Amino acid sequence: MGKPADNSGSVETIAAQATPPGLGGVGIIRVSGPRTRVIAQALLGRLPPPRHAVFSEFRDARQAAIDQGVALFFPAPRSFTGEDVLELHGHGGPAVMNLLLQRVLEAGARLARPGEFSERAFLNGKLDLAQAEAVADLIAAASDGAARAALRSLQGVFSQRVHALVETLTALRTHIEAAIDFPEEEIDFLADADLQTRCRRLIDDIASLQRDARHGRLLHDGLTVVLAGPPNAGKSSLLNALAQQESAIVSPTPGTTRDVLREQIVIDGIPLHVLDTAGLRDSHDDVEREGVRRARAAAQQADHVLIVVDDSAPHDAEVQALLGQLPAGIARTLVRNKIDKTGRPPGTIGATAGLAVSALTGAGLDALRARLKDCAGFAPSETGNFSARRRHLEAIERARAHIDKGLGQLTSRQGELVAEELRHAQQALGEITGEFSPDDLLDRIFSSFCIGK
Ligand SMILES: Nc1nc2c(ncn2[C@@H]2O[C@H](COP(=O)(O)OP(=O)(O)OP(=O)(O)O)[C@@H](O)[C@H]2O)c(=O)[nH]1
Ligand SMILES: [Mg+2]
């Protein structure tokens, strides 16, 4: 964690337009840092009382009015950044906003870098890292669900879950470390039934956090769906049918698609990235071989793989091979296409949970859309979601791997190794909230924000 920025004389005062550029009824310039009061004096002729809207002229260096509007002063530490903050609400035109910003810079501020306000809020302990990211995610949210989830993360729902898990981990570690300090009792300690119960709870808790975070990430990023399967099965036709446009080339020649093609589709407000790939087969053609390699790589990265087969042709060997290569965590659905040829009824097929469709006639596509939506775990009435990012998921995955490894060592009574793994798990979780954060991580996160955030 960084030190409070306002304790150091070297902290610069930053300013930026907080509202989007362009024309608007109101435009806001935000200022934060130790020179905020001086700047307020210079432009307004006085310091507004804390947290009270004051109508005022905003004046240039020669005391001529640039604009008039509302000024708001938030003294440290009760502000978004934790520093002195001034907001000038003027008229939202590019020329007037530019004049006002130039005047603030001339009075002692410098232009803020992208995300710098949020970064200061984080460094001053106003928000943790996951919450700061939620600010950006709330602003960028493309759907109602994503916005609601981001707000819940901003309010700390995600962070609290992480903290609770870190607390459980700490308690467990303390217990195990105590056992290590008394080696003659270690065996008994580690065999303790209570300890076993706590370990199981820890595993359950991290699994549930991982599930919810995955869901939160999907709300934010959308679901990546990969169409894979043997050549000529109708993958490209399905992409076109789902996207409702002729994006991919369709032809009766097997091996038509070589590059990975990507289309964004929206189902009930949920963004899906659908990827069409080359048909999987052994080929002597270099280009096609590269296409097949890319197809396999895309399937490995998917949230959901649609294994598309031609219902009128044998396909078991290819399907088994593809299934064998998919990592366990990736959802998959067998899609039997071309049922217009076989006469199979559209929709869900018995207990095998496959789906029967025809890209040609559109039969069964509604069921396919519904399946994709269900698999994403989206329920319109759900209220418990929080937003999460890929970075958070990776941290949770790492933590889970350490926990699994550590608890595995518990059975062989290796207390020190267990404690070490739990410490790593704790550190991985700490990266989510920013308790442990490599410097470059902060740069990477905040530089992706917009200026003025
Ligand atoms: N009858 C019927 N033909 C289909 C259907 N879907 C695709 N086809 C035909 O099957 C052939 C192959 O379709 P594509 O969509 O190119 O198949 P693909 O899986 O992308 O093939 P590759 O890119 O070569 O791997 C084309 O002639 C399509 O018109 C369907 O539902 N019914
Ligand atoms: Mg194709």
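Me: Which helix gives the most to the lining of the largest cavity, and with how many residues?

Reply: Helix α4, residues 129-140, contributes the most, with four residues of the lining. Keep in mind that the model is predicted.

Me: How many cavities of 30 Å³ or more does a search of the whole structure find?

Reply: A cavity is space where a probe fits but cannot get out. In this structure the search finds one of 30 Å³ or more. The space in the largest cavity comes to about 30 Å³.

Me: Which residues line the largest cavity?

Reply: A lining residue has an atom within 4 Å of a cavity point. Here the lining consists of Ala130, Glu133, Ala134, Asp137, Ser153, Phe158, Ser387, Ala388, Arg389 and His392.

Me: How does that lining divide by class?

Reply: Sort the residues into nonpolar, polar and charged. The lining of the largest cavity has four nonpolar residues, three polar ones and three charged ones.

Me: Is Glu83 buried or exposed?

Reply: The cut-off for buried is under 20% relative accessible area. Glu83 counts as buried because its relative accessible area is 1%.

Me: With which side chain does the side chain of Glu83 make a polar contact?

Reply: Look for N or O atoms within 3.5 Å of each other. The side chain of Glu83 makes such a contact with the side chain of Arg120, at 3.1 Å.

Me: Next, the ligand. Which residues around ligand 1 come nearest?

Reply: Take the residues around the ligand, then pick out those that come nearest. There are 23 residues around ligand 1, and Lys235, Ser237, Gly255, Thr257 and Asp340 come nearest.

Me: What are the polar distances from ligand 1 to Lys235, Gly279 and Asp340?

Reply: An N or O atom in the side chain of Lys235 is 2.7 Å from an oxygen atom of ligand 1. Gly279 has a polar backbone atom 3.2 Å from an oxygen atom of ligand 1. For Asp340, a polar side-chain atom is 2.8 Å from a nitrogen atom of ligand 1.

Me: How much of the accessible area of ligand 1 does the protein cover?

Reply: Ligand 1 on its own has 650 Å² of accessible area, and the protein covers 89% of it.

Me: What are the overall figures for the protein chain?

Reply: The protein chain has 16 helices and 13 strands. Its C-alpha trace spans about 85 × 70 × 45 Å along the principal axes. Of its 453 residues, 50% count as buried.

Definitions and conventions
Residues are numbered from 1 along each chain as its sequence is written. Chains are lettered from A and ligands numbered from 1 in the order in which they are written. This is a predicted model: local features need pLDDT of at least 70, side-chain atom pairs count only at pLDDT 80 or more; totals for chains, interfaces and linings use all residues. Side-chain values use heavy atoms; hydrogens and water are left out. On a 1 Å grid over the protein atoms alone, a cavity is a set of points where a 1.4 Å probe fits but cannot get out, and a pocket is an open set with protein on both sides within 12 Å along at least five of seven lines; lining residues have an atom within 4 Å of a point. Grid points are joined across faces, edges and corners, and a volume is the space filled by probe spheres set on the points. Helices (H or I, at least four residues) and strands (E, at least two) are DSSP runs, numbered from the N terminus. Ala, Val, Leu, Ile, Met, Phe, Trp, Tyr, Cys and Pro count as nonpolar, Asp, Glu, Lys and Arg as charged, and the others, Gly among them, as polar. Buried means under 20% relative accessible area, exposed over 50%, partly exposed in between (1.4 Å probe, protein chains only). A polar contact is a pair of N or O atoms within 3.5 Å; within protein, one must be able to donate a hydrogen and the other to accept it, and residues adjacent in sequence count only if both atoms are side-chain atoms. A residue is near a molecule or strand if one of its heavy atoms lies within 4 Å of it. Accessible areas come from the Shrake-Rupley method with a 1.4 Å probe; for residues, only the protein chains shown count as cover.
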